[in-house]
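I opened this structure for a first look. These are my notes, in the order I took them.

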Amino acid sequence: MALPSSASAGERWPPLESSPDVFNQFMWSLGVPGDEAEFHDVYGLDADALEMVPQPVVAVILCFPDPPSQDAINPSERVLYTGDKETWDQVYFIQQIESLGNACGTIGLLHAVGNASSEISLVDNSCLDLFFKSTARMDPYERAVYLEKDDAMTRAHSLAASAGVTELCDVVEEHYICFVAVNGTLYELDGMKHGPIKHGSSSSKSLLQDAVHVIKAIMLSIPNSINFNVMALSRKARN
């Protein structure tokens, strides 16, 4: 989803197709080695479908329709925003400012990889390695400004957007968010929100199931659409 913005912001940050192929090539080109991690489609939300997803899952990304209003998703989430310093130090979070156009897919990927540093290694001096090192001490808004000015990231985003098979539309009606487990807590990371949202306890073993519990609630709150897609970022087995 894009905030209301100039045409140039939308052109600089076109929407990404919700596809493991697109996200994998994008992620690998940015500096995650291909033998480290991979995105997979989650073909269903029942137990049997979740069992098919390679483990361990280090992040879950949801692409879903823009709700008619922010209140449509979760009326109680205002009390779940976490603005304490400890959370900001532990959870890597980026805001989606107006000039970032349709960058929610890239922000979702950054949230996924940025909160899996203990699970996923990056190529030294790669785009992601330099980005995370440069923004480590910034607040979420400063990271957004840095991202908007990062020409290497912008070029990679544009290439990833052009790799999809879905025809790009002038009006973007979907949005990406990410779920991660950090220090035993499930967080929903949505750049359009003020900060990470806590959703109770979680772990690397239960992250996918815990995220799906929240995703089902989101789906129920937007009953007139079928445009949902879930991808899991799994760390590959190490020898």
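I took helices (H or I, at least four residues) and strands (E, at least two) as DSSP runs, numbered from the N terminus. The model is predicted, so I kept to its limits: local features need pLDDT of at least 70, side-chain atom pairs count only at pLDDT 80 or more, and totals for chains, interfaces and linings use all residues. Residues are numbered from 1 along each chain as its sequence is written, and side-chain values use heavy atoms, with hydrogens and water left out.

**Entry 1: helix H8**

I began with H8, residues 151–163. Its 13 residues reach 18 Å from first C-alpha to last, close to the 18 Å expected at 1.5 Å a residue. The expected span is 1.5 Å times one less than the number of residues.

Next I looked up burial. I call a residue buried under 20% relative accessible area, exposed over 50%, and partly exposed in between (1.4 Å probe, protein chains only). In H8 the buried residues are Met153, Thr154, Ala156, His157, Ala160 and Ala161. Seen down the axis of H8, they fall within an arc of 165°, so they line one face of the helix. The arc is that of the directions from the helix axis to the C-beta atoms. On the other side of H8 I found Arg155, Leu159, Ser162 and Ala163 exposed.

Then I checked the N-terminal end of H8. Asp150 caps it, with a side-chain oxygen 3.2 Å from the backbone nitrogen of Ala152. For polar contacts I used pairs of N or O atoms within 3.5 Å; within protein, one must be able to donate a hydrogen and the other to accept it, and residues adjacent in sequence count only if both atoms are side-chain atoms.

**Entry 2: helix H5**

How many residues of H5 are buried? I found eleven of its eleven, so named because each is under the cut-off for buried. Among them are Cys104, His111 and Gly114.

Asn125 lies in the loop between H5 and H6. I noted its phi near 65°, a positive value in a residue other than glycine. Most residues other than glycine have a negative phi, and most peptide bonds are trans. Is Asn125 buried or exposed? Asn125 is exposed, with a relative accessible area of 59%.

The backbone nitrogen of Asn125 lies 2.7 Å from a polar atom of the side chain of Asp129. Asp129 is in helix H6 (residues 127–135). At 8% relative accessibility, Asp129 counts as buried.

I placed Asn183 in the loop between strand E3 (174–182) and strand E4 (185–189). At 60% relative accessibility, Asn183 counts as exposed.

I then looked for a cis peptide bond. One joins Gln55 and Pro56, with omega about 0°. Pro56 sits in the loop between helix H3 (47–51) and strand E2 (57–65).

**Entry 3: around Pro65**

Ile226 lies in the loop between helix H9 (207–221) and strand E6 (229–235), and is exposed at 78%. Met219 is 154 residues from Pro65 in sequence and 9.3 Å away in space, C-alpha to C-alpha. Met219 lies in helix H9 and counts as partly exposed at 30%.
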